[in-house]
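I opened a new notebook page for this structure.

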Amino acid sequence: MRELQGIAVSPGVAIGEALVVDNEGFRIPRRFLARDAVESELERLDSAIAAAKQEIERHRDTVSEELGKKYGAIFDAHLLMLEDPQLRGEFEEMIRQRHYSPEYAVSRTLRRYAQVFEKLESDYLAQRATDIFDIEKRLLRNLLGRRREELAHLTSPALLLAHNLTPSETANLNREFCLGFVTEVGGLGSHTAIVAEALEIPAVVGTGPFLSEVSGGELVIIDGYQGLVILRPDEETIARYRHEVEENRTLATQLETLRDLPAETTDGARIQLYGNIEFPYEVDHCVRRGADGIGLYRTEFLYLGAETEPDEEVHYNAYRRVATTMGRRPVTIRTFDMGADKVPHLPDPQDERNPFLGLRSIRLALRNLPMFRVQLRAILRASVLGDVRVMFPLVSTLLELRQAKMVLADVMEDLDERGVKFNREIPIGMMVEVPAAVMMLDHFADEVDFLSIGTNDLIQYTLAVDRSNKDVVGLYNASDPAVLKLIAMSLEVGRRKSIPVDICGQMSGNPVYTMLLLGMGLEHFSVTPAAIPEIKKICRSVSIEECRVVAERTMTMENARDVRGYLKEELRRRVPELAQ
Ligand code: PEP
Ligand code: MG
């Protein structure tokens, strides 16, 4: 048995067989092929070689054009190697005679070549080993790339273990068969983590390297509460976790009885509990849990995994499904928030050195007006179907907000001219995700109908901590007093300007913070649908008066550890069954 500590990003326990997904930069396990698979695997190898050659040619041409032929010639050496019949022959021999997988054959052969270069006396020649590793990586990427696509088509239940999963790979996982997943990299606020919650499967990220220690088919336990991954568990551990699964089921059944009751505190304050969704089908999860509305619809997930840019009808159909299902309950559609770690459709984020500080979100929308307008048209068309609201993400300056509103007004004019019906008074909101927006919130509040605090990004930009980097996860902390001050300031502006403020980052769905947020005056929580029953349970167990005391005490604290310890203790005293 071996226990690994990672970061818990989606609650639940999964017990099952491992499916290990290799990745670039990794030890490739030795896989043997079935005899009748040899020909098709050779074909797979040849397509990977052909694709790698095309990539190299493209690089060569770009570099030659920009820097001169001399530099482009570096890639000619790579091409020569890939075209070498002897090398291809060695791969084939390993696949045909020894029944190795193409990945293993490629890796083993090229690493042997690289070692020969590395041992040579001349520094110059030793450097050539890097070129060989480069070719190896490129071929593996092409081979494994195809493998990874198969993730969407699992046919039997498995626990997925991978080095990394992109948000779109995660979004396309089949929930029926993927019982949970673990990734070696990734942090608390990464979008992969958010998608895992949407899928409602247990997930742990940021464990560090372990894939070379596990083979497909071995028994694994994922503990999405504690962030633990247990390889080859012993009988006692399996029994303990099976018991926990049972207990969780009992708690969930108890919480289900709250479904049709309001989220009302013991002193009569009616709190609104909205759901965060990424996919239209999640609207059913929200209804099932008695959500008061949709506080955040992350529409960028319409673009993920799509071959082509979604057209107006694709947008409209998704919004129509959500709006009509929610009826009179509010639905806040956030315009696309792509860039950074959400695989964008447009520019390649790898070209950016700091994607989280780069062309993401509303900035991207304002630079791609035709695409932005398509979405706004669809939102406006859907606005007559229910209480639909529009919200702009990651706004950092007033000019940006004004520009976005101008585009919206322009699209309204277009629709008018075409005689299309829409709600002219559609409420307009913005996300509060950067400290600059908090500093200027008085001004912003004069120009929007509502505000929504995105704590995932607000934490990242306040503490200068990458939300998806496991190495700094200890610094990424919703309990940090600086973050709490910014939230308190935002709620205060909302009160003064009489406009609603909600919180839609992960923090608002974490039971540890519910009393604090209630005490700070938060009346609208927007949380991952699975968290609705728990947050409702807390709201119904406490009074605003006692929460105010908790908030006042919290705001005197100087560090995140004290804050978290105190809040956990307060939760344990009031609602022990929800305190982990
Ligand atoms: C946030 O930043 O808190 C948020 C809700 O937006 P996202 O997680 O999609 O960036
Ligand atoms: Mg955000």
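My entries follow, starting with the ground rules.

I am working with a predicted model, where local features need pLDDT of at least 70, side-chain atom pairs count only at pLDDT 80 or more, and totals for chains, interfaces and linings use all residues. Residues are numbered from 1 along each chain as written, chains are lettered from A and ligands numbered from 1 in written order, and side-chain values use heavy atoms, without hydrogens and water.

I looked up the strands (DSSP runs of E, at least two residues, numbered from the N terminus). Eight of them close into a barrel, E9-E10-E11-E12-E13-E14-E15-E16, with parallel pairing. The twist averages 25° from one strand to the next. I noted that pairing requires at least two DSSP bridges. E14 (450–453) and E15 (501–503) pair over three bridges. Ser452 has Asp502 in E15 as its bridge partner.

**Helices.** A helix is a DSSP run of H or I, at least four residues. H17 (481–497) lies across E13 (428–432), E14 and E15, and runs at about 150° to E15. Angles go from 0 to 180 degrees between N-to-C directions of axes fitted to C-alpha atoms. I then checked H4 (102–119): its 18 residues reach 26 Å from first C-alpha to last. Its buried residues (under 20% relative accessible area, 1.4 Å probe, protein chains only) include Tyr104, Leu110 and Tyr113.

**Ligand 1.** I found 17 residues around ligand 1, counting heavy atoms within 4 Å. Arg298, Glu433 and Asn456 are among the closest. For polar contacts I took N or O pairs within 3.5 Å. Oxygen atoms of ligand 1 lie 2.8 Å from a polar side-chain atom of Arg334, 2.7 Å from a side-chain N or O atom of Arg467, and 3.4 Å from a polar backbone atom of Gly454.

Technical notes
Contact = heavy atoms within 4.5 Å. Expected span 1.5 Å × (residues − 1). Buried < 20%, exposed > 50% of the residue type's maximum accessible area, 1.4 Å probe, protein only. Polar contact = N/O pair within 3.5 Å; in protein donor to acceptor, adjacent residues only side chain to side chain.
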